[in-house]
Amino acid sequence: MRRFLLLAAVALAAAACTERLTTPGNCPALCPGGEPEVRDTVLTAVPGGDSSFSGYSSFTEASSFPLANGGALGESRAVIRFIQRGDSVIVGAESFELAIDSIIVRVVLQERDTTVGNLQLAIYRLPGTIDSTLTWTELDALMTEANRLRTISIPDSARSGPFPLLFTGAELSKFDFAPADSSRLAIGLRLIAPQPGIGAYFGASRSGDAAPVFQTWGTIAVDDTAQQRQLLQRAVAQNFPVRPAPTPVTDDLLLVGGDPASRALIRFALPDFLRDSATILRATLELTPDRPIVGIPGDSTRLDVNALFADFGAKSVPLNSPASLTWIKPGADTIRLEVTQLVRTWQGATPLPAALRIRHGFEWSSFMTPIFRSTRSASGAPRLRITYRPPFALEGF
Amino acid sequence: MRTASVLLLAALLGGASLVGAQSSQFGSRGLGLPGRGLSVDALGTEGATGLFSSGSSLNPAALGLLNSSLTSFSTIQEWRTSENPAGSGSTREQRFPMIAIAGPIPRSNFSVGVNYSTYANRDFLLVSEGTAAPRGEPIAVTDSVGSTGGLSDFQVALAYNLRDKVYLGVGVHLLTGSNRVFSNRAWADSTYLPTRQSAELTYLGTGVSAGVVVRLSPALAIAGMARYDGALDVERDSAATGSIDLPATLAGGVRWQPSPRVAFAGHVAARTWSRADDGIVALGGVAARNTIEVAAGLEWYRNLRRPEQLPLRVGIRRSELPFLLVQGSQPRELGVSIGTGLRFARGIGGLDLALERIRRTQGDDYTESAWQFSLGVSLRGVLSN
């Protein structure tokens, strides 16, 4: 009896293993409910419902300094002010004056135009009182031969990497602080190239290991030889790019990025047949550049697109997720962004506003500033190409 | 013994919750592939003895043949190869098509039974590959259309034994169930999001049946059954969407045992599935047609003292299937079977086995060949002990 029960249990266990393979479908003959129909439609942005707004972020959020020497890229220089250094070191409870023997200022090249050689980086000493109200003209006046700390040649073979500048001996006098400086070192960076229109990116304070560093080495008068050698290292207190005043972009265009960093808001009117019951398979946002997008050769940047939680114009609340992005290169033609998941948030019983916000992925940190046509342009208004499946009755008989 | 039986039952029911299922392509249209309401011993003769089988739900009068309680479960494992104009594929399916509890009412000539069986099985998945060009560029797509669930037949039956000669029975049927039907499309280009549309279809209907078994002589018995099922109300996603008239069934059978070692049986059943045609077509189906089923088989008893111990059962059946896959000829099914069984624990426990070779066709385009293995587990006399 037990043997039979065991056999039965084994037989049941074996029979319960189910492999789920498939029968070939021969649609529409075998497919109940028929085959889904797929349609395509194009929506143009709501006339006047697309604009650019700025003031969302500041230069302090930059991860790079785009330095350029004019031409298509424009003039672009950078100012870095380090944290106060002081001139003494505390060992135990006692303060010792530091006898400085060397200073290192390190900047990091992140990316450069490799099609042109003989690039140079000029570093200038600037007043420690300098701040972001500094104009291009004022900075240009300060970048004199007398204020130049050093000019370094960037090897043609170098695509990126750190450039530590060591100052010793008589050069240390270039780092003497005036009382007004309060031991704050400020420097200016300028790219020099044999022809205009050349650019390079250097690390800013938000770039992690590529951030500029100011090191002061020296000795103090203590008996313990292990403590005689001291280092004062200071990070960036403030850094910002300085450019000539940009040519204003007309409100009839959509600026993304730039100086100041702008973001575009584009509204669409989703028809009822899409809003209610269609299944959106793919939605592609098409943006037409009004003018060539410039950057250094090999450059690229990112455009981020978000849906809106609430549409309050410039103060709209973006939805962090879902989001979409695309990478663009200099000279890009029509930009296409896949925004299917975003457009799907416009559907359903509680739809979100039918609007998209386009933001530069590297605000303040890129030469590439796309300027797109709007609904006020003669052509090339933002478009949304939607591929969808209308609802179909799936009774299934 | 009782503990072991309970463990066996628990293993059976536990397994039932784990398995998936996928039915024949012939179950993709209409209400699906009709169930047969047969116990495994009747499947061993390809249904030829179904009208005399107390464990089957076919004939309520057969309950009167019971002399002790019967609890039975059956499981079916099917391996099939399907072919249609889109290609061929292999599928495997596990079902539990029948649970029955029945027995005589003590100190009376009545027997009562309840059983739960498959009325129509619509558990399928069809997968096809092709291309679509939503923006003018061809993109490979994979479509899958499927359904899970089916229609079940819950029967309560009462039988009366008139002097061990004539057995009369009546049954009432509650037909209920649901299908989750879905259609999916996946794109080779990931910029297109996959789509899924689904619907839940729920069914509710009733039916009545009556049957008779007559022992004309110790060697000869005949049986008959009539059943009428009413309209099946169909709801889609909780909204009434239509109704389907279910068929009337008329069946007759004979069992002849010319010698103690062998018994022959056969039956014919006709079902008026064309009553369902209007409803099926109105709901987007193709068509429903009347069906006739003919089955013949024999049982050969090796042990005359214990004839239920490893008998040999064989049978053949030819039947029509009610729901057309495409317009044209009516689907047909041909099955041959072999089976056996044994009793153990002084006849309390029972196992029945049946192996069927089934071929289903509609014209030349849609064919299917299947091996179907059925296992029945039964307990006799447990409820009355």
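User: What makes a residue part of a pocket's lining, and which residues lie nearest the centre of the largest pocket?

Analyst: A lining residue has an atom within 4 Å of a pocket point; on a 1 Å grid over the protein atoms alone, a pocket is an open set of points with protein on both sides within 12 Å along at least five of seven lines, while a cavity is a set where a 1.4 Å probe fits but cannot get out. The largest pocket has 48 lining residues, and B:Asp41, B:Phe52, B:Ser54, B:Arg255 and B:Arg380 lie nearest its centre. This is a predicted model, where local features need pLDDT of at least 70, side-chain atom pairs count only at pLDDT 80 or more, and totals for chains, interfaces and linings use all residues; side-chain values use heavy atoms, leaving out hydrogens and water. Residues are numbered from 1 along each chain as its sequence is written, with chains lettered from A and ligands numbered from 1 in the order in which they are written.

User: How do you know what volume the largest pocket has?

Analyst: Grid points are joined across faces, edges and corners, and the volume is the space filled by probe spheres set on them. That gives about 1200 Å³ for the largest pocket. Its lining divides into 20 nonpolar, 18 polar and 10 charged residues. Here Ala, Val, Leu, Ile, Met, Phe, Trp, Tyr, Cys and Pro are nonpolar, Asp, Glu, Lys and Arg are charged, and the others, Gly among them, are polar.

User: Which strand gives the most to the lining of the second largest pocket?

Analyst: Strand E3 of chain A does, with 4 residues. A strand is a DSSP run of E with at least two residues, a helix one of H or I with at least four, and both are numbered from the N terminus. The second largest pocket has a volume of about 1000 Å³.

User: What makes two strands a pair, and what order do the strands have in the open sheet of chain A?

Analyst: Strands pair if DSSP finds at least two bridges between them. In chain A, strands E18 and E23 pair in the antiparallel sense over 4 bridges, so they meet that rule. The open sheet of 5 strands runs E3-E18-E23-E20-E21, with antiparallel pairing. Strands E3 and E21 are its edges, each pairing on one side only.

User: Why is A:Ile123 called buried?

Analyst: Buried means under 20% relative accessible area, exposed over 50%, and partly exposed in between (1.4 Å probe, protein chains only). A:Ile123 has 2%, so it counts as buried. A:Ile123 sits in strand E9 of chain A. Beyond its neighbours within four places in sequence, its contacts (heavy atoms within 4.5 Å) include A:Leu149, A:Leu165 and A:Ile187.

User: Are A:Ser183 and B:Leu310 buried or partly exposed, and what is each one's phi?

Analyst: A:Ser183 has a relative accessible area of 13%, so A:Ser183 is buried. B:Leu310 has 36%, so B:Leu310 is partly exposed. Most residues other than glycine have a negative phi, and most peptide bonds are trans. Phi of A:Ser183 is near 55°, a positive value, and phi of B:Leu310 is near 50°, also positive.

User: What kind of peptide bond joins A:Asp259 and A:Pro260, and what kind joins A:Ser321 and A:Pro322?

Analyst: A:Asp259 and A:Pro260 are joined by a cis bond, with omega about 0°. A:Ser321 and A:Pro322 are joined by a cis bond too, with omega about 5°. A:Pro260 lies in the loop between E17 and E18 of chain A, whereas A:Pro322 is in strand E21 of chain A.
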